[in-house]
Amino acid sequence: MTIFRRFRNTDPPALADIWNESHTARGAYPLRTPALLERWVFSKPYFDHNGLIVAVDEGSGRVQGYALTGFAPTADLAALSFEEGVICSVAVRPADRRKGVGRGLVQRCEAYLADKGARTFRAGPVWPQCPFGFGLYGGTNCPGFLASDPDADPFFRSLGYAPAGTTFVYQKKLDQPLTIADARFGLLRRRYDTQVLRAAAVASWWHDCVWGTLEPVEFRMVDKLANNIPTARAVLWELEGYGWRWGYPSAGILDIQVRPDLRRQGMAKLLVSQILRFLQDQFFGICELQAQADRPDIVALCRTTGLEQVDTGTTYTKPVPQAMQVPLVRATGLTPADAAVNAAGR
Ligand SMILES: CC(C)(COP(=O)(O)OP(=O)(O)OC[C@H]1O[C@@H](n2cnc3c(N)ncnc32)[C@H](O)[C@@H]1OP(=O)(O)O)[C@@H](O)C(=O)NCCC(=O)NCCS
């Protein structure tokens with residue numbers, strides 16, 4: 001029989017084994033040491049032992065699977081919003097699949113999230129609803145659960161989740177000459193300089209939490225005729241473990257922004273072409289960029305710069321049933337049970 005319990009400090013080696021047995025497709029890479037879980041999961045300021053559910057075979061004590069859940073941020077990216085719970089990862093050892101273990105894990109995640117005040121369950125982290133996942137799963141950013149992991153879609157649909165967003169994953173192989181030409185580039189180059197900043201500015205508390213110990217590089221275009229005012233930016237990071245999976249040193253572009261009054265002039269296209277050239281000079285073999293399907297501007301940018309779609313991510317949602325809803329305690333994030341314990345002075 002399977003029992004479900006919260007995470008214990010002795011679990012990481014078993015969790016890394018399950019990860020390595022379960023995540024064999026392109027969207028994740030082998031964890032050669034459980035320390036990577038420390039880096040990308042346990043070190044987060046909001047990591048909660050109760051939000052990492054572990055399935056154990058009662059007879060043998062063998063860990064069969066786990067599910068990891070957390071909360072989305074508030075709109076200003078300055079705190080957690082307990083209204084939206086996010087199931088970030090579920091994995092069951094191949095030998096233990098199709099026996100209800102995955103379903104049991106998700107049900108325990110849902111109970112934990114609802115008890116904290118969730119009104120929506122999301123499955124498949126996507127920026128910014130991505131308390132966990134970045135750095136370990138999905139590549140450059142959090143695209144939801146990938147089509148290259150074919151178990152995820154039928155599994156979550158069978159548990160009542162419906163697709164709520166699509167992300168396209170694009171890549172460019174850099175082992176061939178780059179030929180991105182545009183008649184506007186000459187004019188843009190005369191007016192705008194591109195700078196490479198070794199430490200990208202961290203935009204919010206949530207960026208700091210999700211990106212963690214990452215040291216991204218910022219590419220910034222500045223207006224030479226206006227005191228070097230920034231006009232466009234993109235963040236670049238080395239996709240350390242993924243490169244091992246894909247067979248080439250790889251990097252990902254995040255967070256491309258062009259000042260609103262300067263859009264549709266080829267500036268983002270020029271910035272991406274400069275980043276690709278920079279990566280090629282540094283002997284990177286792959287550059288990845290992700291575009292949410294409801295961002296036609298980013299989708300078109302990927303296509304016009306010659307990136308090819310290699311995968312698709314989906315995020316799913318499900319309303320929390322009325323019977324599971326508890327009052328939301330906004331100020332403290334405490335459940336009524338937590339509050340009662342505090343009030344009793346224990
Ligand atoms: C997805 C996963 C966690 C499911 O675990 P599981 O213990 O096999 O799931 P369950 O036995 O509880 O399945 C519950 C229901 O989901 C559906 N389901 C699960 N896996 C399925 C599959 N491969 N194909 C079709 N339906 C599936 C079925 O309806 C199933 O009910 P049924 O067996 O009564 O028909 C497991 O396949 C896995 O670890 N895959 C690799 C990791 C992964 O892709 N995780 C998701 C992204 S992080």
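In this predicted model, the buried residues of helix H1, which covers residues 12–22, are Leu15, Ile18, Trp19 and Ser22. These four residues lie on the same side of H1, because the arc they cover around the axis is only 105°. The chain that contains this helix has 10 helices and 13 strands, and it is divided into domain 1 (2–166 + 316–321) and domain 2 (171–312).

- An α-helix has 3.6 residues a turn, so residues three or four places apart point the same way.

**Overall dimensions and packing**

- A compact globule of 346 residues would have a radius of gyration near 20 Å, and the 22 Å of the chain therefore agrees with that expectation.
- The C-alpha trace spans about 70 × 45 × 35 Å along the principal axes of the chain.
- Buried residues make up 40% of the 346 residues of the chain.
- When contacts between residues at least 6 apart in sequence are considered, 71% of them join residues at least 24 apart.

- The centres of domain 1 and domain 2, taken over C-alpha atoms, are separated by 29 Å.
- Contact between the domains involves 24 residues of domain 1 and 24 residues of domain 2.
- On the side of domain 1 that touches domain 2, helix H2 (35–42) and strand S7 (162–173) each supply at least two residues.
- That side of domain 1 comprises 12 nonpolar, nine polar and three charged residues.

**Strand S12 and its neighbours**

- Strand S12, formed by residues 286–292, is mostly covered, with six of its seven residues buried.
- S7 and S12 run antiparallel and are joined by seven bridges.
- Within this pairing, Phe168 stands opposite Ala291 in S12.
- Strand S11 (residues 250–258) and S12 run parallel, with four bridges between them.
- Here Gly252 is the residue that stands opposite Glu288 in S12.

How values were computed: Residues are numbered from 1 along each chain as its sequence is written. This is a predicted model: local features need pLDDT of at least 70, side-chain atom pairs count only at pLDDT 80 or more; totals for chains, interfaces and linings use all residues. The radius of gyration is taken over C-alpha atoms; the globule rule is 2.2 Å times the number of residues to the power 0.38. A residue is buried if 20 or more other C-beta atoms lie within 10 Å of its own, exposed if 12 or fewer, and partly exposed in between; C-beta atoms are placed from the backbone. Two residues are in contact if their C-beta atoms, placed from the backbone, lie within 7 Å. Domain bounds come from an automatic or database domain assignment. Ala, Val, Leu, Ile, Met, Phe, Trp, Tyr, Cys and Pro count as nonpolar, Asp, Glu, Lys and Arg as charged, and the others, Gly among them, as polar. The arc is that of the directions from the helix axis to the C-beta atoms. Two strands pair if DSSP finds at least two bridges between them.
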